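Trainee: I have a new protein model open, and I would like to learn how to read it. Could you walk me through it?

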Amino acid sequence: APCAAGFGAHLWAAPAPAPAPYTPPPAPEKQVYYGTVKGFDDEKGWGHISCDATRAMYGKDMFVLRSSLHGTKISAGDEVQFTLRQGLRGVEATEVRPLSRGEPSTVTPDEAAGREFNGILKMFDSSKGWGFLECDESRQLYGKDIFVHKREFPKNCTPENGERLRFIVERGRDARPEARRVTVEGSGGQAAIADVSQYGSARLPDAGSGERAAPY
């Protein structure tokens, strides 16, 4: 009888509670992002902005209302600068400002120190140990793709063109922007391998010279 009672109790045990649903992180205050308008309906007064950095955090394009444009107009394909706020239906874009081609960011590189960027490994020369990262946000700040050395990748990591990466940017010894603390997000598809010659000539440093293998 005790065995039967124990068996029945096991059959009718209450199910384990369901895991708590994933809660996206709150909207960072005053951090500036850069993206491209995916679409905007003038009649309805809302649209969406595509941005790699915010998609990595929230898994979606950023919703934007006409009230966040402050009188300006945007349309599909426009490059914009924006911040985030907590809206009625989640995090959304605000303080949206269209950017003209070549127009500089209102945030300086010094103000962006320590900020994490999301980009794609545009090219990497494994024989020389360096490559370049492509990221819309960092390009707005520094005007170029970001140099990265193999030592900044995780241990035993083999860099592959097209990988999605997270990184911060610091000034190198020659004051040029370089990627630091690189982490791999996952493959974003095979990117076209850039012609190394467009970045200038490069050579391996002589042993003990103190030089590094870099294109500048």
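This is a predicted model: local features need pLDDT of at least 70, side-chain atom pairs count only at pLDDT 80 or more; totals for chains, interfaces and linings use all residues.

Trainee: What is the volume of the second largest pocket?

Mentor: Its volume is about 240 Å³.

Trainee: Which strand gives the largest share of the lining of this second largest pocket?

Mentor: That is β5, with three residues. At least two lining residues come from each of β3 (62–65), β4 (79–87) and β5 (90–98).

Trainee: How do the lining residues of that pocket divide into nonpolar, polar and charged?

Mentor: There are four nonpolar, three polar and five charged residues.

Trainee: Now for strands. Which strands pair with β7?

Mentor: Strand β6 (residues 117–125) pairs with β7 in the antiparallel sense, over five bridges. Strand β8 (residues 146–149) is also antiparallel to β7, joined to it by four bridges.

Trainee: What lies between β6 and β7?

Mentor: Four residues do, and the two strands form a hairpin. In the turn, look for Gly129, whose phi is positive, at about 85°.

Trainee: Why is β7 described as largely enclosed by the rest of the structure?

Mentor: A residue counts as buried when its relative accessible area is under 20%. In β7 (residues 130–134), four of the five residues are buried, so the strand is largely enclosed by the rest of the structure.

Notes. Residues are numbered from 1 along each chain as its sequence is written. Side-chain values use heavy atoms; hydrogens and water are left out. Buried means under 20% relative accessible area, exposed over 50%, partly exposed in between (1.4 Å probe, protein chains only). Two strands pair if DSSP finds at least two bridges between them. On a 1 Å grid over the protein atoms alone, a cavity is a set of points where a 1.4 Å probe fits but cannot get out, and a pocket is an open set with protein on both sides within 12 Å along at least five of seven lines; lining residues have an atom within 4 Å of a point. Grid points are joined across faces, edges and corners, and a volume is the space filled by probe spheres set on the points. Ala, Val, Leu, Ile, Met, Phe, Trp, Tyr, Cys and Pro count as nonpolar, Asp, Glu, Lys and Arg as charged, and the others, Gly among them, as polar.
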